[in-house]
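Subject: Structure handover

Hi,

Here is the structure I promised to pass on.

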Amino acid sequence: MDVYEAVVSRLAMLGYQATEQDKPAIDYLTGKCRVTLLASIHHKEVPDGLIYTLVDMVAGSFLQDKLAAGGLEIEGLDFSTAVKSITEGDVSTTFAGASDGTSSPEGRYLATLDGMIHPSEKILGAFRRLKW
């Protein structure tokens with residue numbers, strides 16, 4: 001399986017259409033995530049059972065980097081902060097956040113990305129080798 005093509009397909013599933021300009025970033029993140037994954041399981045090559053985990057790590061890292069750089073636009077997702085309260089006299093605006101128990105679309109999206117970037121220990125543990 002070609003990891004690049006799988007990452008592009010996964011990004012499309014998440015609402016982002018990768019372009020040719022994204023290829024260097026995807027290639028870089030593929031190498032970075034591969035090293036991170038291999039260090040976690042103490043293998044020299046990515047086992048077949050972890051290919052999709054690697055693809056998710058790369059896609060999640062890519063989208064998180066795009067979001068952090070302000071270049072992520074996905075139809076249907078509003079990354080602006082929800083306003084909790086507004087006071088007009090002496091202008092006061094309070095934004096709702098996770099501490100208020102508010103689950104915004106951005107918060108749910110970021111939680112999804114975090115789950116993709118940091119695979120479950122159950123998955124990694126099934127492939128982990130002891131390191132001497």
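**What I found**

Of the protein's 132 residues, 31% count as buried, where buried means under 20% relative accessible area, exposed means over 50% and partly exposed is in between (1.4 Å probe, protein chains only). Please keep in mind that this is a predicted model: local features need pLDDT of at least 70, side-chain atom pairs count only at pLDDT 80 or more, and totals for chains, interfaces and linings use all residues. Numbering starts from 1 along each chain as its sequence is written, and side-chain values use heavy atoms, with hydrogens and water left out.

**Overall layout**

The protein has five helices and two strands, in the order α-α-α-β-β-α-α along the sequence. Helices (H or I, at least four residues) and strands (E, at least two) are DSSP runs, numbered from the N terminus. Taking contacts between residues at least 6 apart in sequence, 62% join residues at least 24 apart; contact here means heavy atoms within 4.5 Å.

**Helix H1**

Which residues of H1 are buried? In this helix (residues 3-13), they are Val3, Tyr4, Ala6, Val7 and Leu11. They sit on the same side of H1, because they cover an arc of only 160° around the axis, the arc being that of the directions from the helix axis to the C-beta atoms. As a reminder, an α-helix has 3.6 residues a turn, so residues three or four places apart point the same way. H2 and H3 are included in what covers the buried residues of H1. Just after H1, Gly15 has a positive phi of about 95°.

**H2 against H3**

Helix H2 (residues 23-41) packs on helix H3 (residues 51-68) at an angle of about 125°, and their axes are 9 Å apart. Axes are lines fitted to C-alpha atoms, for helices over the stretch in contact, and angles run from 0 to 180 degrees between N-to-C directions. H2 and H3 are therefore oblique to each other (under 35 degrees is roughly parallel, over 145 roughly antiparallel, 65 to 115 roughly perpendicular, and the rest oblique).

On the H2 side, the contact is made by Ala25, Ile26, Leu29, Thr30, Cys33, Arg34, Thr36 and Leu37. H3 brings Thr53, Leu54, Met57, Val58, Ser61, Phe62 and Asp65. By class, that contact of H2 with H3 has nine nonpolar, four polar and two charged residues. Here Ala, Val, Leu, Ile, Met, Phe, Trp, Tyr, Cys and Pro count as nonpolar, Asp, Glu, Lys and Arg as charged, and the others, Gly among them, as polar.

Thr53 of H3 counts as buried, at 12% relative accessibility. Not counting residues up to four places away in sequence, Thr53 touches Leu37, Pro119 and Ile123.

**The loop between H2 and H3**

His42 is in this loop and is partly exposed, with a relative accessible area of 30%. Its phi is near 60°, a positive value in a residue other than glycine. His43 is also placed in the loop between H2 and H3, but His43 is buried, with a relative accessible area of 18%. Leaving aside neighbours within four places in sequence, His43 is in contact with Leu38, Phe127 and Arg129.

**One more residue**

Tyr109 is in helix H4 (residues 105-117) and counts as buried at 10% relative accessibility. The C-alpha atoms of Tyr109 and Gln64 are separated by 9.7 Å, with the two residues 45 apart along the chain.

Cheers
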